[in-house]
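The following exercises guide the reader through one protein model. Each task is followed by a solution in steps.

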Amino acid sequence: MMHIADLPDTIAVFPLPRAILLPRARLPLHIFEPRYLQMFEDTLKTPERLIGMIQPCTGSGDAGALQAIGCAGRVTQFSETEDGRYMVTLSGLSRFRIMEEVTGFSPYRRCAVNWGGFEGDLVHAPDVDREFDRNRFLALLGRFFVSQGLSTDWESLKEAEDELLINSLSMLLEFDPEDKQALLEAPSLATRRKTLVTLIEFSLRGGADEDILQ
């Protein structure tokens, strides 16, 4: 198992609104901007091959402000297209807290980060939500998908481990950036599941203030 002491103090960060990565989950990226192509190529030269996914702050007076917490992923797969773009897969490793942005000559952003407080992210075993009612949750999710005109492979969802199911939905479903950040920062799988349920119920009610399913 990797330890906090094995992680670098400074990492490249990739700011994308509504794009979060969670530990032990995978995030596909399409990289084509010159500065991020450079970021990716530089990342491959490092032993850890880490890229920090972070959301920009919304509603901030500072256009370049970033959220305080992101999640770093290790480049575990990539392919290059004929026109020089990259299709990349990041495997979520650990969340981090930004300490300060590092100035330099790179065209992309780099930050000094602190990994403290997220030791559980580095555990290989998935988190457990002992109160998770899968059947009830999937019934709720079905209503949400119908309301949004979405389709999915329900057999795969039914067979997915609890953490994979909750984390994948947290990453993939379209919510406001602040809501995505709350899902990212949830301290446990149970808290993330409750937050996800709250967001789904809120969407189904059209924002009405009613009791939520937990």
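**Exercise 1: Cysteines**

A search of the whole structure finds 0 disulfides, a disulfide being a pair of cysteine sulfur atoms within 2.5 Å. The model is predicted: local features need pLDDT of at least 70 and side-chain atom pairs count only at pLDDT 80 or more, whereas totals for chains, interfaces and linings use all residues. Residues are numbered from 1 along each chain as its sequence is written, and side-chain values use heavy atoms, with hydrogens and water left out.

Solution. Cys 71 is buried, at 1% relative accessible area.

**Exercise 2: Nonpolar cores**

Task: Identify the residues that touch the most other members of the largest nonpolar core.

Solution. Step 1: A nonpolar core is a set of buried Ala, Val, Leu, Ile, Met, Phe, Trp, Tyr and Cys residues joined through side-chain atoms within 4.5 Å. Step 2: The largest has 46 residues, and those touching the most other members are Ile 31, Met 53, Phe 137, Leu 141, Leu 173 and Leu 196. Step 3: Helix H2 (residues 134-148) gives the most to this core, with 6 residues; helices (H or I, at least four residues) and strands (E, at least two) are DSSP runs, numbered from the N terminus. Step 4: Apart from this core lies another, of 14 residues, including Cys 111 and Trp 115.

**Exercise 3: A helix pair**

Task: Describe how H2 and helix H6 (residues 189-204) cross.

Solution. Step 1: Their axes come within 10 Å and cross at roughly 40°; axes are lines fitted to C-alpha atoms, for helices over the stretch in contact, and angles run from 0 to 180 degrees between N-to-C directions. Step 2: H2 is therefore oblique to H6 (angles under 35 degrees count as roughly parallel, over 145 as roughly antiparallel, 65 to 115 as roughly perpendicular and the rest as oblique). Step 3: Among the residues that meet, H2 supplies Phe 137 and Leu 141, and H6 supplies Leu 196 and Ile 200, contact meaning heavy atoms within 4.5 Å.

How values were computed
Buried means under 20% relative accessible area, exposed over 50%, partly exposed in between (1.4 Å probe, protein chains only).
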